[in-house]
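Here are my comments on the model, written as numbered points. Please keep the sequence and the 3D view open while reading.

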Amino acid sequence: MSVQSAIRRKTAPDIRARKQAEPIVMLTSYHAHTAALVDRHCDVILVGDSLGSVMHGFETTVPVTLDMMILQGASVMRGSQQALVVVDMPFGSYEASREQAFNSAVRIMKETQCGAVKLEGGVRMAETIAFLSGRGIPVMGHVGLTPQSINTLGSFRAQGRSEMDWGPIEDDAKAVADAGAFSVVVEAVAEPLARKITETIAIPTIGIGASAACDGQVLVLEDMLGLSPRTPKFVRRYGNLGPAIEAAIEGYAADVRSRAFPGPEHVYEMKKS
Ligand code: KIV
């Protein structure tokens, strides 16, 4: 009997084929249980290095390590069945050389069994993207605002705000596409630039704070659920779970303090949520 799952997971070529077709729905997830929920509705699950701030309370993504990405990537793979799982390559795991990038990406793919990796940078990373793509590693690019470069950028400001600044961002998107990436995240760029890039390059663009002109959208799950302490201005909230969670914790604490906590007969009766 085959040990393969009957459900077919989406692949990088499936996502590549969605250029100018049905919009690509992508969300982040870092855990098995949220991955199971996201998996029912999304084409792609991104195990983003945003987990550094969302899960670990870091100010930036710079401290995130390869081991952290692999641990959470494997959890997301266990929790999901049909979405393509893309794992972010963290800062410092790929920039030094094509070989360093290959070794890090191979670890990610072997240890998580995800379907693709994502890395930040355009023209400067094109050679690396071609090296990985040519060796069996599907790569999602990431241009515009690249948060791992915060220490050289100085702030998380939108990119290409004036038309004069568009050139390098367009060059980055084109370089990533020409190098063989199967899609590219375009972060925090103005709508006319996102539209121009989307119309120009051959691979799907996935926008975050880059308007509806892209071929798909991605958000950080906790941001759109109202669970993050700070969210970028462009994020539309689809829930406000922070207060709901706090109210539940408050209710629990009150029950414990007033000794109204349910007895053992309830505790041992497993309920399906
Ligand atoms: O790390 C992340 O979650 C990301 C998205 C914001 C695109 O890279």
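**Notes on the predicted model**

1. R18 has a relative accessible area of 12%, so it is buried (buried means under 20% relative accessible area, exposed over 50%, and partly exposed in between, with a 1.4 Å probe and protein chains only). This is a predicted model, in which local features need pLDDT of at least 70 and side-chain atom pairs count only at pLDDT 80 or more, while totals for chains, interfaces and linings use all residues. Residues are numbered from 1 along each chain as its sequence is written, and side-chain values use heavy atoms, with hydrogens and water left out.

2. What does R18 pair with? Its side chain meets that of D43 in a salt bridge, at 2.9 Å from N to O (a salt bridge is a side-chain nitrogen of Lys or Arg within 4 Å of a carboxyl oxygen of Asp or Glu). The pair links distant parts of the chain, 25 residues apart: R18 is in the loop between α1 (12-16) and β1 (24-28), and D43 is in the loop between α2 (32-39) and β2 (44-47). Helices (H or I, at least four residues) and strands (E, at least two) are DSSP runs, numbered from the N terminus. D43 counts as buried because its relative accessibility is 9%. K10 belongs with R18 and D43 in a network of salt bridges.

3. The structure holds twelve salt bridges. Another of them joins the side chains of D215 and K19, at 2.8 Å from N to O. This pair also links distant parts of the chain, 196 residues apart, with D215 in the loop between β7 (205-208) and β8 (216-219) and K19 in the loop between α1 and β1. Both D215 and K19 are buried.

4. A further salt bridge is formed by the side chains of R107 and D67, at 2.9 Å from N to O. R107 lies in helix α5 (residues 98-112) and D67 in helix α4, so the pair ties together parts that are 40 residues apart in sequence. Are these two residues buried or exposed? R107 counts as partly exposed because its relative accessibility is 30%, and D67 is partly exposed with a relative accessible area of 48%.

5. S80 lies in the loop between α4 (66-79) and β3 (84-88). With 5% relative accessibility, S80 counts as buried. The side chain of S80 reaches the backbone oxygen of V76 at 2.8 Å. Leaving aside neighbours within four places in sequence, S80 is in contact (heavy atoms within 4.5 Å) with R9, A35, D39, I45 and V85.

6. S228 is in the loop between α10 (221-224) and α11 (241-257), and at 9% relative accessibility S228 counts as buried. The side chain of S228 makes a polar contact with the side chain of D223, at 2.6 Å. A polar contact is a pair of N or O atoms within 3.5 Å; within protein, one must be able to donate a hydrogen and the other to accept it, and residues adjacent in sequence count only if both atoms are side-chain atoms. Beyond neighbours within four places in sequence, S228 is in contact with E222, D223 and R237.

7. Which residues touch the most other members of the largest nonpolar core? Of its 58 residues, they are V85, M89, I108, V117, L119, I129 and L132. A nonpolar core is a set of buried Ala, Val, Leu, Ile, Met, Phe, Trp, Tyr and Cys residues joined through side-chain atoms within 4.5 Å.

8. In helix α9 (residues 191-200), L193, A194, I197 and T198 are buried. They cover an arc of only 135° around the axis, which puts them on the same side of α9; the arc is that of the directions from the helix axis to the C-beta atoms. On the other side of α9, E199 and T200 are exposed. The buried residues of α9 pack against α8 (166-178) and β7.

9. Helix α6 (residues 126-133) has A126, T128, I129, F131 and L132 buried. The elements that cover these buried residues include α5, β5 (139-144) and α8.

10. The domain assignment gives domain 1 (3-239) and domain 2 (241-273), with bounds that come from an automatic or database domain assignment. The C-alpha centres of domain 1 and domain 2 lie 37 Å apart.
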